[in-house]
Amino acid sequence: MPRKRSRRLSSALILMAGALVVAACGEKYPNSTFTHLTDFNTIIDGLWNRLLLLGTIVFVFVETLLIFTIIKFRRREGAPDPKQTHGNTTLEITWTIIPALILVLIAVPTVDAIWKTEAKASDSSIQVQVIGHQWWWEFRYPQYGFTTANELYLPAGRTVNFQLNSRDVIHSFWTPQLGGKRDVIANRTNYIWYTPDSSLAGSVFNGFCTEYCGSSHANMRFHVYAVSPADFDSWAAHQKENAAMSPIVAPAPAAPATPAAAVKVASAATKPAAPAATKPAAPVAAMPASEGYVFPLAKMPPHTLPQTPFPVGDREVKFDESLLAGGDAARGHELVSNMAHMGDVPCLTCHIIKGEYMVAGKQMFTDDNAKAPNLTHFATRHTFAGGIYPATPAMLARWVKNAEHMKPGSLMTTLGNGEYAPSMKSKRTTGLDDRQIADIVAYLLSLK
Amino acid sequence: MATTAATPSYEQTGIWSWITTVDHKRIGALYLYTALFFFMFGGLEAGVIRWQLAQPNQHIVSAELYNQLFTMHGTTMIFLAVMPLSAAFFNFLIPLQIGARDVAFPRLNAFSYWVYVLGGTFMTLPIFFNTAPNGGWFGYAPLTTLPFSSGLNIDFWVMGLQILGISSLAAAFNFITTIINMRAPGMTLMRMPVFTWMSFVVQFLLVLAFPVITIALVFLLFDRFFGTNFYEIAAGADPLLWQHLFWVFGHPEVYILILPAFGLVSEILPTFSRKPLFGYNVVVYSGIMIGFLGFGVWAHHMFAVGMGATADTIFALTTMLIGIPTGVKIFNWIATMWGGQIRFTAAMKFAIGLIALFTIGGISGVMHSSPPADLQQTDTYFVVAHFHYVLFGGSIMGIFGGIYFYYPKITGRYMSEVLGTWHFWCTFIAMNLTFFPMHFSGMLGMPRRIYTYDAGQGWDTFNLISSIGTGLLILSTLIFVVNFLKSRKSGEVAPGDAWGAGTLEWTIPSPPPDYNFAEIPFVTSRYPLWDLKHPERTSGIAHSAPDVMTITDAHATPVHEEMGHKTAAELGIPMPFNTVKPLIAAAALVAMFGGLLFMHTNQFAVAMTITIGSASLFVGTLYAWLTSPLE
Amino acid sequence: MASAVAEVHEHTHYTTTGLDNRKVAIWAFIGSECMLFMSLISTYLIYKGKSIVGPFPHEAWTDPSGHVFKPILNIPVTSQSTFVLLMSSLVMVLALAAVENRGKPGYQGTLLGNSKLWLAATAALGATFLGYQAYEFTSFVHEGLTIHTNLFGSSFFTLTGFHGAHVTAGVLWLLTLLSIDIKRGLTPKDALLVDICALYWHFVDVVWIAIFTLVYLIK
């Protein structure tokens, strides 16, 4: 009796498998690892094809043998006891040797690929330092001398050598379309390199953190723009410059004389400083000379545009969006850059905006003690917060207001007045109002 | 013979008799019920996980709760479900299979169980207060150190695993001694049933692997509570220390989870094929090989950490090597069925299901063994697919098979074959529906352990199918639960030799009497009961009787089917006294660890009072235990 | 009461190997303990030379303020305690022999047959070793090395502390045997009780030899 039913069930299984194939075929796979877009992925895909072929052969063989056996040797009523066997040395040796031979077929290209992909990168490669933070990516271009975050530009056709470190827990750096992953570990420097094909100029790829790193592990993404070498140079040249509106670099007499004094200012400025107005915003520098290449937003396919919805429920962040149109970048600049506001607007105690918070002609904080993404050319990026939000005014405003609600576990504190701050387990009674936030957003979006 | 209704299995009844029991069969049953409970709890956790991931950007649970759920799903399934389910079989079966009246240390056995159930509760309860462990079942430092996980979550995990480790180690010493020392005359090592053999290998893995994680956890505990620097990045610690220690334990752990299922299958297949196991020696040696090689492959979990080409090469090759003994087992199982008279009972279906599904997990395992290819696979859903084919398709299928097979021996009644067939096909289909699409979502770029994802990444359909499969999997487990509970009352009554099997446990009544064997049998071959009933099946294997001295020494008699239902007292067999001391000792041990938690709530005095008080209670109980007679 | 110490089966109780269950179990336990100490020792060796700040085991270290820390390990003192522990193993052998051969010629009423003395001596030597360790730990703390100081401090104190805990458990075990001996006298029938304690004690001793060599002697 169970036989009939099981047949019906197995045909249902086949139907479902068919439905699965059909459903899956209608979809696009923008993060597929089966690409030949880099030398690295070409090697891996070659290995994969062999693994898949041999694996399929073994699978088909074993499962066929199994099904054949259970059908052929199923019990028949009244049949005598089967012929008894206890073992067979020849057979045992055969099914030891054949798998071993199959494994040799895998081992040889594997070892070859290990040594090829883990060789030293060529000296002419472009160097990128990747630094993992909870939960965003810092990218430094030491050959060009600038730092950016969450969005990576690579010149197509040139080998890029990533040097990987972490400032906190273990992360893992992965762009599925371009190559394998490599863990990003504190107290340890890892490398991974690949060469994006020169035909890739003008494409964008998703990147992910693939080592569980805490609350917002899922929110630690990044984007890779492959661009033409000329566009890359234009972009890099611009990224090196100081931020828009930043004071002209000169000895700044008004600023505290030593970094130590500046830190004192920082720690003293916990309450809103009344004499803020006494130090007017420094003269605004002209916009940087070059406009610099930016990957056009219009060329980003939908799967690269973040879709993280606004938080809901008790994490909802309300913001009066009508204020955004009236946001004033200059006022925002004053709020962010005047050390007197540090208590309520502590942006630059963690972020760097090159040219701001200068002490004796030097940046008060450096890349090595900055705890948050470098914002110097923030407005050239299309995403923020670990690549999970598009850099639109509505998103940015809510982020500034209550980052902790916008991204679980976010180490950026809640700044909006009256907002609940999960890390402090209480509602803020001071902080920014919506109008000030609109100004800050306007300023951030002026950081071209 | 089947006319005798299943009698109450034990001479004593009542809750107190269960709390104080030292009978290996009752402890086995307790393990079984408790572990099935945790299995369902872990399954529900998986259900919430899949609900959250069914569609992109959902808000079923928060990121924080999701991370607790996937951590606890892994921890529960490994330490609180599959390992104890195996332990249920170790307890129930090993003494019966080797012809012993109990395990070597019955009270230690009760202690292991109570430590497990209290430790499991200790780790599971916090999920209801949103403070469950949230560092992953692998608990990678430095994420689990105080600077990055300041809550009590990780404390529950560290303490919980430490407690469970004590349970596993105590049980392992017990079973090693039992298997080495309590075998009936003539039960030579190479005549032991394969389940006992695989269990024997597992006990060695436990004994050698658990101390390593104990130390890794001690370091973490010291870091969190006493300010040491083992995983402190600022002090120059190497974050890979944890990973090496963890995986030196963690890989053998995989074999700890799978080998008992292999053993169960090796009992089921011959019985329902009416043929002895094909290549017994090879199956046993390959089990030993797997256990041995299992200690030399740990770093294949770490191909992405940048160990360097030499280490990657070595671990790739050792990993590939371990595929050979595993493959050999599969071929021997198929050869066992070849030429047989296969009876498709529910147990047999699950055993065949294991072969079919484990093969898939084995093949994807070989795919990870190639480090460059693994760099695209590790930490993606491809790996999730792989180890669920190994642990669900392997361990769980084998254990379900074992439950259907041994249920009549445990309870004296058969489980319903109709419901069993439904259960099998639902599980088989749902399992593939859940886990097969994960191969695709992984290779198409979906990372593991993410609580949310954007639409249009190429993962939507696969995730939806996986989630539907999980729903079906929960339903099919419900069929099992109904069957399990219903059959207890109304199942068909089973005789001692419920299935026509060949090993010693089937020579005694179902359920077995307290003393197991009224007379200790002496064994002359691998299938003593077949010698008796189907001598033609065992004519091809070696027979020899143990020497007369040994037989006299053990007061052994030839193998025979025991039918009687006399009490131990009537037969003059001394039975161990019931005692509550193991439970008290276990409770004291758990309280001793639990007390430390108060240190993180800044109640140092409370912490020390509880910890030192419980420690004293533990030592006192231990003395009382050791100075009171066993029987 | 059937017997003062439980799980004592009659000697006629059949076992496969002829050994007592407890003897088999203690070997399994020792196997497990080997992995425990291997993990501890490996960690110590992996972290050797990785500490960012001193004090260090074999080298002097000058801190930023100019204070000079001597190399921390005091090999002559530890050699003494090692010798003490080695001697305790010897005495343990005598204790076991005394219990096993109780009543035999050469043991009856002689010094050699005085199991109480040898058990007490083993425990005393073990306690002396612990005294040395207490002295060593305190002086290290005074010299500026605690379990918090650096990787060396953490791994050193944890490793030797674990060993010390094992010695402490051993001393308590020996004292328990001694109290049984005083209360009712240990007879050859109880030799197994002393035997498994001796196995444990020798194991703890051997582990110390490994620690002394790898941690103290090898620079």
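Reader: Taking two strands as paired if DSSP finds at least two bridges between them, how many residues lie between β1(A) and β2(A) in their hairpin?
Author: Two residues lie between β1(A) and β2(A) in that hairpin. Helices (H or I, at least four residues) and strands (E, at least two) are DSSP runs, numbered from the N terminus.

Reader: What kind of model is this, and how are things numbered?
Author: It is a predicted model: local features need pLDDT of at least 70, side-chain atom pairs count only at pLDDT 80 or more, and totals for chains, interfaces and linings use all residues. Residues are numbered from 1 along each chain as its sequence is written, while chains are lettered from A and ligands numbered from 1 in the order written.

Reader: Which residues of β2(A) stand opposite Val130(A) and His133(A)?
Author: Phe139(A) stands opposite Val130(A). Trp136(A) is the residue opposite His133(A).

Reader: And β2(A) with β3(A), over how many bridges?
Author: Four bridges, in the antiparallel sense. One pair of bridge partners is Tyr141(A) and Phe146(A), the latter in β3(A). β2(A) and β3(A) form a hairpin with four residues between the strands, where Gly145(A) takes a positive phi near 75 degrees.

Reader: What order do the strands of the sheet come in?
Author: The order is β3-β2-β1-β5-β8 in chain A, which makes an open sheet of five strands with mixed pairing. β3 (146-149) and β8 (190-194) of chain A are the edge strands; each has a single partner strand, so one side of each is left without a neighbour in the sheet.

Reader: What are the domains of chain B, and how far apart are their C-alpha centres?
Author: In chain B, domain 1 is 15-578 and domain 2 is 583-631. Their C-alpha centres lie 30 Å apart. The contact between them takes 19 residues from domain 1 of chain B and 15 residues from domain 2 of chain B.

Reader: Which helices of domain 1 of chain B are on that side?
Author: α4 (106-124) and α5 (153-181) of chain B each supply at least two residues. The largest share, seven residues, is from α4(B). By class, the side of domain 1 of chain B facing domain 2 has 15 nonpolar, two polar and two charged residues.

Reader: Between chains now. How many residues of chain B are in contact with chain A?
Author: There are 93 residues of chain B in contact with 90 residues of chain A.

Reader: Which elements of chain B give two or more residues there?
Author: α3 (63-98), α8 (280-293), α9 (309-337), α10 (346-368), α11 (371-377), α13 (417-443) and α14 (460-490) of chain B. α9(B) has the largest share, 15 residues. On the side of chain B that touches chain A, 53 residues are nonpolar, 28 polar and 12 charged.

Reader: And chain B against chain C, how many residues from each?
Author: Chain B puts in 34 residues, and chain C puts in 34 residues. On the side of chain B, α5, α6 (194-226) and α7 (240-273) each supply at least two residues.

Reader: Which of these elements has the largest share, and what is the split by class?
Author: α6(B) has the largest share, eight residues. The side of chain B that touches chain C has 23 nonpolar, nine polar and two charged residues.

Terms used:
Two strands pair if DSSP finds at least two bridges between them. Domain bounds come from an automatic or database domain assignment. Two residues are in contact if their C-beta atoms, placed from the backbone, lie within 7 Å. Ala, Val, Leu, Ile, Met, Phe, Trp, Tyr, Cys and Pro count as nonpolar, Asp, Glu, Lys and Arg as charged, and the others, Gly among them, as polar.
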